[in-house]
Amino acid sequence: MSLLAPIAAHADAAGRYPDRAINLIVPIGAGGVADTSARILAQRLGDHLKVPVVVQNKPGAAQAIGAELVARAKPDGYTLLFSTSGFVAAPMLIKGFKPDPVEDFDPISLIASSNNVLVGANAIPGGRLKGLVELAKAKPGQVFYGSPSGATTLVFEYLNQVTGAKLEPILYQSTPAAWADIIGGRVHATMEGPKLAQGQVQAGKAQVLAVFGHKRAPEFPDVPTVAEQGYPGFGIESWQGLWAPKGTPAEVVRTLEQAVVAVMATPQMKQEMRAAGLDAVGSTAAEFGKELHDNAALWRKVATEAGIEPQ
């Protein structure tokens, strides 16, 4: 009887999960797209699981502060990480970056993706990727992309490698600062979410040259993807995902995975995410794990070929 008791207690505890509030740690400041989508998810996931899901913003150190808090948390399903694809790129850019996005967590689900667009200054001839590539090849060292993040840098270096162009980086503290120089003509290109780019483009202050992802953006249906413009196989999307601390019981991960898949499939969630400029996904844990490994391998290869050393 004494041998069976712990097993029964464990099964009973698993069956009750969750029975109290879940803390959702967002390692990014409030007010951005990631924070908005995290709060949408928290509300709908809480409704589905019938417990509060409480968003806590813990920004800083390229997402490491919030991520480390989750990595060190008790692996019981009550402290989760909501982060972005930029988190996976961080170890290729920051020396000694911890925690490891792939090894130190259990993946739950890829929540949503964003088909980012290649924004160009109005001076780019032809209004498409070809004009930017030809300009960069004609004026080596004189054509610049604005990068407010390490993830943006890696995307543009990948674009350089695929197209044979050599756009040079100018680093910014924020996306609005990069936009100011795009509009002012001091920088030739940057990366932006389609929803956020729409206003500036409609105002005639910039143009969209291409879509970085695998499919066209609903906001710019006439703009071809990079792949459609002569570079097959190219397809990079930003995304947001949900992680648990490493060692979280499989049944807890499964409960969360199934809840997220159900929530993200609803028409309401698809509509709310689309309003934020995102496509609702809601993948399985296995699918998200593969995406993490694939992303890490790609960015490691791009960084190596570009000669980028973690700083």
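Okay, let's start with Leu-118. If we skip its neighbours within four places in sequence, Leu-118 is in contact with Leu-129, Leu-132, Phe-156, Leu-159, Ala-189, Thr-190, Gln-207, Val-208, Leu-209, Ala-210 and Phe-212. Keep in mind as we go that this is a predicted model.

As background, nonpolar side chains in soluble globular proteins tend to be buried together.

Next, His-188. You'll find His-188 in the loop between helix H7 and strand S8. Buried or exposed? His-188 counts as buried, because its relative accessibility is 17% and the cut-off for buried is under 20%. Beyond its sequence neighbours within four places, His-188 touches Val-119, Gly-120, Ala-121, Ile-124, Leu-132, Leu-135, Gln-142, Val-143, Phe-144 and Ile-182.

Gly-230 is another loop residue, between strands S9 and S10. At 51% relative accessibility, Gly-230 counts as exposed.

Now a helix pair. H2, residues 33–49, and H10, residues 267–275, have axes that come within 10 Å and cross at roughly 165°. That makes the two helices roughly antiparallel, and the crossing is right-handed. Who meets whom? From H2 we have Ser-37, Ile-40, Leu-41 and Arg-44, and they meet Gln-268, Met-269, Glu-272 and Met-273 from H10. By class, that contact has four nonpolar, two polar and two charged residues.

Most residues other than glycine have a negative phi, and most peptide bonds are trans. Here, a cis peptide bond joins Tyr-17 and Pro-18, with omega about -10°, and Pro-18 is in the loop between H1 and S1. Another cis bond joins Lys-98 and Pro-99, with omega about 0°; Pro-99 lies in the loop between H4 and S4.

Then look at Ala-62 and Gln-63, in the loop between S2 and H3. Phi of Ala-62 is near 55°, and Gln-63 has a positive phi of about 80°. Ala-62 is partly exposed at 39% relative accessible area, whereas Gln-63 is buried at 11%.

Key
Residues numbered from 1 in each chain as written. Predicted model: local features only at pLDDT ≥ 70, side-chain atom pairs only at ≥ 80, totals over all residues. Heavy atoms only, no water. Axes fitted to C-alpha atoms, helices over the stretch in contact; angles between N-to-C directions. Helix = DSSP H or I, 4+ residues; strand = E, 2+ residues; numbered from the N terminus. Parallel < 35°, antiparallel > 145°, perpendicular 65-115°, else oblique. Left-handed = near helix turned anticlockwise from the far one by under 90°. Contact = heavy atoms within 4.5 Å. Nonpolar A, V, L, I, M, F, W, Y, C, P; charged D, E, K, R; others polar. Buried < 20%, exposed > 50% of the residue type's maximum accessible area, 1.4 Å probe, protein only.
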